[in-house]
Structure formats: C-alpha cells, structure tokens
Amino acid sequence: MQRFPDAPEYTGLNAPLGEEYEVPDLVIEGRIPDDVEGVFFRAVPDPAFSPFVEDAAAVLSGDGMISAIRIAGGKASFAIRYVQTERHKAEVAAGRALFGKYRNPFTDTPEAAGLDRSVANTTPVWHAGRLLMSKEDGRPYRVDPRTLETLGRHDFGGKLKSQTVTAHVRIDPETGELFFFGYEADGLASSKVAYGIVDRHGTLLREQWFDAPYCAMMHDFAITKNYALFPVYPTTCDVQRVRAGGDHWVHEMERDSWIGVMPRYGKVADMRWFRGRKGVSCYHMMNAFEDTEGRVHIDQCLSSVNAFPFIQRASGLDIPPGETGGRLERWSIDLRQDGDRLSESVIGPPGDFPVIPARAQGRPYAHAWMLTMNPQTQGPPVAGGPVGAMFNMLLRLDFTGKSPQALALPPRHCFNEPVHVPSVRAGHEGWLLTVVDRQIGPSAFEHALWVIDAGNVASGPVAKAVIPHRLRPQVHGWWAPAAELGGA
Ligand SMILES: [Fe+2]
C-alpha cells in the first residue's frame with residue numbers, strides 16, 4: 001500500500017483504498033421494489049499511487065474506478081474495478097506515479113510523454129448498449145457492463161475528431177439520440193468546442209466545432225426539444241500559466257458568463273451568445289426546456305464563484321466555506337428578440353447533483369431532486385469530495401407551487417449522488433438509489449445503498465443494501481435497466 005500525504009484529499013472519506021473486489025450477496029434491510037431491476041453504475045475515483053508533486057486540485061485526478069450495484073429479484077451485489085486507462089496501466093507497470101498536476105502535462109515525468117492523461121473518473125454513461133467511463137479532459141473508455149473489464153478508448157469507430165468528450169451528455173427521451181460536447185477539443189487551453197450527435201444505435205452522426213468566447217471549464221450543457229445550450233462561466237485556462245507549471249484553472253470574477261444557443265440539429269454558425277452575470281459559476285444544469293411562447297429556459301445549480309475551494313485559492317479569492325452564494329437559478333432567453341439579453345430568476349435553494357427522470361430530459365418538468373446541506377444540522381458536515389464537505393439532505397423540488405420535500409440525514413451521515421429509477425406503476429414517481437456514508441470514527445465509515453420512494457422522499461428509505469467494505473466518494477452514477485442489459 002502506498003503512503004499518501006496527510007492532506008484532506010487523501011484522508012478520512014477521501015482515504016485511498018486501491019482495492020478491486022466483489023460482494024455477491026448484500027444484506028438487505030426492508031424490501032427492494034420489484035421495478036428496481038438493473039445496474040447502478042458508479043464512478044469512484046481512487047488514486048493508486050502517491051503523488052510526486054504538490055497539487056491543490058489532486059482530488060480531481062484520482063484513477064477512475066467503475067463500480068456496479070446489480071439488483072435483481074430483490075437481491076443486490078456489488079463490484080468495483082479500476083478503469084484500465086493508459087495512464088493507470090503505465091503507472092502500475094512503473095510502480096509509481098508518472099503524471100503530475102491536474103491537467104498540466106508540463107509537470108509529468110518523461111515516462112508519461114505521449115500517453116493519454118485522462119483518468120476516466122467522472123460519469124459512467126450507458127447508451128446504445130455501451131458503457132463509457134468519461135472525464136472532460138479526454139476521450140471516454142469503454143467498459144464491459146458485466147465484467148467491468150476495460151475494452152479500450154472509445155472514438156466511435158474512428159469517427160470522433162475531438163480530443164475530449166465531457167462527462168455530461170444528454171439523451172433525448174423520444175429519439176434516443178445522445179448529444180455530447182468536448183471543450184479544449186484540439187488541445188490545452190484551446191477555446192475550440194466540439195458538439196456531436198450520436199444516434200440511438202451508437203453511430204456518431206455529426207460533429208461540429210465552434211469557438212467559445214474564451215477557454216473555460218465547460219462541465220455540463222443542456223438540450224431542449226429543438227435547441228442545444230452551451231453555458232460558459234469564467235473559470236479559465238491560460239497556456240502560459242500551465243507551461244510555467246501552474247494550475248489549469250483560475251476563476252475570474254470580472255469576466256462575463258455566456259450561454260450559446262443553437263438549433264440542436266442546426267449549424268454552429270447559427271449559434272447566438274447571450275450574456276450572463278459576471279463571475280458566476282455552475283457545475284451542473286438540472287434541465288432545460290422550451291415554453292409555449294417559444295422561450296428557452298435553463299435551470300442551473302449556480303453559485304456566485306467557482307465552488308471548489310482550491311480554485312478559489314488559485315484565483316486569489318478568499319471566500320469563507322458555505323458562502324459561495326449558491327441557488328438554483330433559471331436563465332430564460334427569448335429567441336424572438338434581438339440582442340444578447342437573458343433574464344434570471346431564483347427557483348430553488350443552494351445545492352448540486354440535480355436529478356430528473358430520463359423522460360423529462362429537455363422538456364417542461366414539474367419536479368426534480370437534488371442534494372443540499374441541511375441548514376439545521378448541528379455540527380460539521382462529513383468532510384470529503386472536491387468541495388470538502390458532503391451533502392446531508394435530499395430535496396424533492398416542485399415547480400408547480402407545492403412545497404419541497406426533504407430527507408435530512410442524522411449527524412455524521414452524507415449522501416452520494418442519487419440515480420432515478422422509473423416505476424412500472426402509472427402515476428408513481430419511481431425510486432431514487434443513493435449510497436449513504438456514515439462516519440463512525442476519524443477514518444472509519446459504514447456504507448449502504450438506500451432505495452427511496454422518489455415521490456415521498458421525506459418518509460426515508462424503503463430498503464437498504466449494506467455494503468460491507470470501505471468506499472470512497474462517488475462522483476456521478478447512471479442507472480441501466482435490466483431490460484437494456486439483457487438481464488442484470
Ligand atoms: Fe459533473
């Protein structure tokens with residue numbers, strides 16, 4: 001076992017584990033509903049080798065691990081394996097870290113030259129019978145959904161031109177098409193963005209490139225029935241800084257944010273740019289949709305500054321924890337009007353990890369779920385993840401005027417991002433699956449999968465599956481139904 005630095009990104013919940021294992025039959029408390037049949041795939045970064053450079057952003061560079069919680073007939077099993085990226089294989093062969101700072105190849109060892117730097121640690125994407133492990137700084141790796149064996153880097157049969165595909169794709173619920181984008185598409189600090197459409201059979205139909213207003217961290221985007229929307233917030237990269245061994249990202253409070261809107265089957269030349277507030281930041285969009293008057297709305301887990309403390313420090317910003325000005329904010333655009341104006345309204349509290357039913361993607365929607373901090377919790381939150389604190393409350397938000405519902409965890413518990421599983425019962429809102437961590441000592445934790453009635457989150461879990469092993473924090477997850485997997 002490696003010795004890791006005594007730093008927050010390597011201690012407590014973030015302590016590296018470095019183990020691949022399977023647990024065939026998890027102990028179940030309660031009863032898993034009959035319509036929960038499939039696999040909950042989870043991206044769980046876990047650094048295999050201790051770093052040789054100091055890197056405040058190291059929490060983003062953990063080697064990707066793919067975990068699968070398989071559920072069938074009311075039973076559940078657990079498995080986790082490393083994604084065999086070029087980087088991971090080279091470091092295993094060398095027996096030590098070869099790659100330096102987050103997205104800075106100028107800090108690498110000579111042995112890393114020419115190798116793919118991506119750790120494929122952000123989202124397991126299930127589409128057209130393929131499981132892809134993605135991270136925004138590279139191309140995805142394809143993984144066998146049954147064995148979790150890595151099959152290699154995926155470039156859509158040689159068709160993909162972009163060097164990057166982000167971890168946040170959008171799948172249209174009617175056409176089954178996958179919409180994706182990649183920024184820094186032709187290399188480090190480039191403002192080139194690729195926008196692609198993959199048909200329901202997994203064939204890359206179209207890839208177009210455009211220039212963003214500047215090179216920015218573009219983590220997520222959104223679609224509606226007719227449009228593709230590309231938000232740009234001023235977390236920026238400068239090639240001179242990176243060449244000098246500096247951080248990839250700093251946040252610029254005095255720079256405008258932008259949102260590019262184009263017909264989703266149109267040409268990038270038809271992109272219109274709308275100007276948002278200066279200095280704001282967002283990692284995840286909840287959804288976007290068009291209303292009956294033809295306006296386009298995009299709902300974002302927005303904050304007044306980039307929420308990652310290490311990016312604030314790299315930017316010379318001194319923001320106290322919990323004072324990043326978070327809120328769920330709707331930006332509305334009237335495409336019938338000239339100019340670059342958009343309107344903003346706050347529609348929900350601070351939070352992140354928004355979840356919508358797959359069928360609501362890009363459409364008007366009445367409710368959604370997200371994680372937040374319970375304002376009434378006594379004591380500190382569980383430390384972990386890139387923000388440094390894990391969420392401890394699950395919300396069901398209602399956009400029709402009804403009150404939100406909340407499920408608050410007891411002290412020393414935290415949520416990982418849930419996935420939504422539709423119900424076969426008409427009128428039932430389905431189920432949320434989430435891994436809940438419980439801290440029982442400075443570096444001791446217990447973990448369980450919770451199954452929650454999505455329409456009645458306040459009543460707590462209907463079932464738990466105990467995971468008898470230490471886990472690191474998950475980034476994103478994906479639900480693949482048994483019917484699409486040919487049986488889980
Ligand atoms: Fe994300």
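Is Phe-78 buried or exposed? I looked this up first in what is a predicted model: Phe-78 has 1% relative accessibility and counts as buried, the cut-off being under 20%.

I then turned to the aromatic pairs, of which the structure holds 18. Tyr-21 and Phe-78 form a stacked pair, with 5.6 Å from centre to centre and 20 degrees between the planes. This pair joins distant parts of the chain, since Tyr-21 belongs to strand S1 (residues 21-23) and Phe-78 to strand S5, 57 residues apart. Tyr-21 is likewise buried, at a relative accessible area of 14%.

I noted a further pair, Phe-289 with Tyr-365, which is edge-to-face at 6.0 Å centre to centre and 75 degrees between the planes. Here too distant parts of the chain are linked, Phe-289 lying in strand S20 (residues 281-290) and Tyr-365 in the loop between strands S24 (352-355) and S25 (367-372), 76 residues apart. Both Phe-289 and Tyr-365 are buried.

I also found a cluster in which ring pairs link Phe-181, Tyr-195, Phe-210, Phe-221, Phe-230 and Trp-273. As for charges over rings, Arg-255 lies over the face of Tyr-214 at 4.2 Å from the ring centre, and Arg-330 over that of Phe-399 at 5.7 Å.

Last, I looked at helix H1 (residues 86-94), where Arg-87, His-88, Ala-90 and Glu-91 are buried. Viewed down the axis of H1, its buried residues fall within an arc of 165 degrees, so they line one face of the helix. Their cover includes strand S5 (75-82). Just after H1, Gly-95 adopts a positive phi of about 75 degrees.

Methods
Residues numbered from 1 in each chain as written. Predicted model: local features only at pLDDT ≥ 70, side-chain atom pairs only at ≥ 80, totals over all residues. Heavy atoms only, no water. Buried < 20%, exposed > 50% of the residue type's maximum accessible area, 1.4 Å probe, protein only. Helix = DSSP H or I, 4+ residues; strand = E, 2+ residues; numbered from the N terminus. Arc of directions from axis to C-beta. Contact = heavy atoms within 4.5 Å. Phe/Tyr/Trp six-rings, centres within 6.5 Å; stacked < 30°, edge-to-face > 60°. Lys NZ or Arg CZ within 6 Å of the ring centre and 35° of its normal.
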